[in-house]
Amino acid sequence: MADPKSKDKKSIGYHQGDVNTVISVDDVNRQAQELGSGVSLDQIAGMIKGEPFLKIENLRAGYGKMEILHEFSLQISKGESLCLIGPNGAGKSTVLHSIFGFTKIFSGGISIQNDSGIQNITELTPNQKLKEAGIAYILQDNSVFPGMTVEENLWMGGYLKEKPEEAKEAAEEIFDKYDRLANRRDQPARILSGGERRLLEISRALVMKPQVLLVDEPSIGLEPRFIEMVFEILHELQHVEGKTIIMVEQNAKKGLEFADIGYVLVAGELALAGKGDELLENPEVGRLFLGG
Ligand SMILES: Nc1ncnc2c1ncn2[C@@H]1O[C@H](COP(=O)(O)OP(=O)(O)O)[C@@H](O)[C@H]1O
Ligand SMILES: [Mg+2]
């Protein structure tokens with residue numbers, strides 16, 4: 001691992017990019033731990049604009065016997081966006097996995113406010129999350145089916161629908177909105193550019209008309225102009241369509257500029273939380289995560 005004191009080498013640390021300060025992952029972890037002594041439930045509740053819509057309470061969760069998240073809590077109102085940042089391995093993806101039902105939950109709970117009241121969704125399977133709770137998870141890795149056409153890929157997003165026509169109707173709505181996809185509807189997904197592929201991944205999740213989008217590192221592996229495009233699309237989904245967005249973003253600057261609320265997760269615990277723009281201006285956050 002690079003010597004954290006040396007300033008003359010390019011970082012291979014937290015950022016993918018061209019940060020000139022060298023700081024090792026271990027060092028980020030250690031220093032991030034000193035960022036704050038945790039965040040109280042009152043602070044978490046005080047940061048949201050309206051009533052809590054999705055709530056995680058004192059969650060202990062992980063994989064197998066291993067606990068990754070320790071007493072983690074989160075709140076978000078309907079139509080808001082929240083971005084999780086933090087060092088590699090902090091458990092950011094595990095938060096999204098837990099909301100969607102991919103982890104083992106040891107204690108604590110997850111609930112969502114729907115028309116009939118507060119629904120405890122802690123134990124729902126991923127299929128139930130999507131179908132009954134309106135939560136969609138957008139995969140971080142390249143998950144389009146390259147041999148299928150763009151259109152067929154979209155239909156796959158409706159695999160849980162009882163009536164295939166509904167998936168086809170939803171696909172048409174998506175084509176009406178995104179020319180980039182409509183122009184390529186009959187072509188195999190393998191020919192799409194990186195940005196179009198990410199758009200297809202997001203759109204495929206929209207076929208089920210979810211209320212909540214869980215988005216893991218939307219900018220990963222994309223050229224800058226496509227990063228802009230993806231954030232514009234997410235912005236429109238939040239501000240025009242009223243989707244609630246919980247995102248993990250390695251590009252902390254982009255993520256915090258986008259999101260209403262930012263959470264800094266360190267070693268499975270919430271170290272710091274605030275409005276996105278407050279965290280952007282926090283010098284310690286800047287130094288550790290923004291390459292500042
Ligand atoms: N499917 C899995 N099975 C077992 N351990 C996992 C799995 N996914 C992640 N982990 C572990 O959980 C920890 C947190 O990982 P993750 O949530 O992916 O971190 P982040 O997204 O913040 O980089 C890491 O130690 C990682 O090795
Ligand atoms: Mg991750």
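Tutor: This is a predicted model. One place to start is the pair β6 and β7 (residues 212-216), which run parallel and are joined by four bridges.

Student: Which residue in β7 is the bridge partner of I138?
Tutor: V215 is the partner of I138 there.

Student: And which way do the residues of β6 point?
Tutor: I135 and Y137 point one way from β6 (residues 135-138), while A136 and I138 point the other way. In a regular strand, side chains alternate between the two sheet faces.

Student: Are those four buried or exposed?
Tutor: All of them are buried, on both sides of the strand.

Student: What sheet do β6 and β7 belong to?
Tutor: An open sheet of six strands, in the order β6-β7-β8-β3-β9-β10, with mixed pairing. Its edge strands are β6 and β10, each of which pairs on one side only. From one strand to the next the twist averages 15°.

Student: How do β3 and β9 pair?
Tutor: Strand β3 (residues 81-85) and β9 are parallel, with four bridges between them. Within that pair, C83 sits opposite G262 of β9. Helix α1 (residues 25-33) packs on this sheet and touches β9 and β10, with its direction at about 115° to that of β9.

Student: Next topic, the ligand. What surrounds ligand 1?
Tutor: The residues around ligand 1 are Y63, I68, G86, N88, G89, A90, G91, K92, S93 and T94. By class, that shell has three nonpolar, six polar and one charged residues.

Student: Which element gives the most to that shell?
Tutor: Helix α3 (residues 92-100), with three residues.

Student: S93 is in your list. Where does it lie, and why does it count as partly exposed?
Tutor: S93 lies in α3. It counts as partly exposed because 18 other C-beta atoms are within 10 Å of its own, and a residue needs 20 or more to be buried.

Student: What does α3 lie across?
Tutor: Helix α3 lies across β1 (52-63), β2 and β4, and runs at about 75° to β2.

Student: Those strands, what sheet are they in?
Tutor: A four-stranded open sheet with the order β2-β1-β4-β5 and antiparallel pairing. The edge strands, β2 (66-77) and β5 (117-120), each pair on one side only. On average, neighbouring strands in this sheet are turned by 15° against each other, direction ignored.

Student: How many bridges join β4 to β5?
Tutor: Four, between antiparallel strands, β4 being residues 104-114. S111 stands opposite N120 of β5.

Student: What is L213 in contact with?
Tutor: Leaving aside neighbours within four places in sequence, L213 contacts A136, I138, A205, L237, K243 and I245.

Student: Last one, V248. Is it buried or exposed, and why?
Tutor: V248 counts as buried because it has 25 C-beta neighbours inside 10 Å. It is found in strand β8 (residues 244-248).

Student: What does V248 touch?
Tutor: Not counting residues up to four places away in sequence, V248 touches L84, K92, S93, L96, D216 and E217. K92 and S93 are among the residues around ligand 1.

Student: And how far is V248 from G89?
Tutor: They are 159 residues apart in sequence and 12 Å apart in space, C-alpha to C-alpha.

Technical notes:
Residues are numbered from 1 along each chain as its sequence is written. Chains are lettered from A and ligands numbered from 1 in the order in which they are written. This is a predicted model: local features need pLDDT of at least 70, side-chain atom pairs count only at pLDDT 80 or more; totals for chains, interfaces and linings use all residues. A residue is near a molecule or strand if its C-beta atom, placed from the backbone, lies within 6 Å of it. Helices (H or I, at least four residues) and strands (E, at least two) are DSSP runs, numbered from the N terminus. Ala, Val, Leu, Ile, Met, Phe, Trp, Tyr, Cys and Pro count as nonpolar, Asp, Glu, Lys and Arg as charged, and the others, Gly among them, as polar. Two strands pair if DSSP finds at least two bridges between them. Axes are lines fitted to C-alpha atoms, for helices over the stretch in contact, and angles run from 0 to 180 degrees between N-to-C directions. Two residues are in contact if their C-beta atoms, placed from the backbone, lie within 7 Å. A residue is buried if 20 or more other C-beta atoms lie within 10 Å of its own, exposed if 12 or fewer, and partly exposed in between; C-beta atoms are placed from the backbone.
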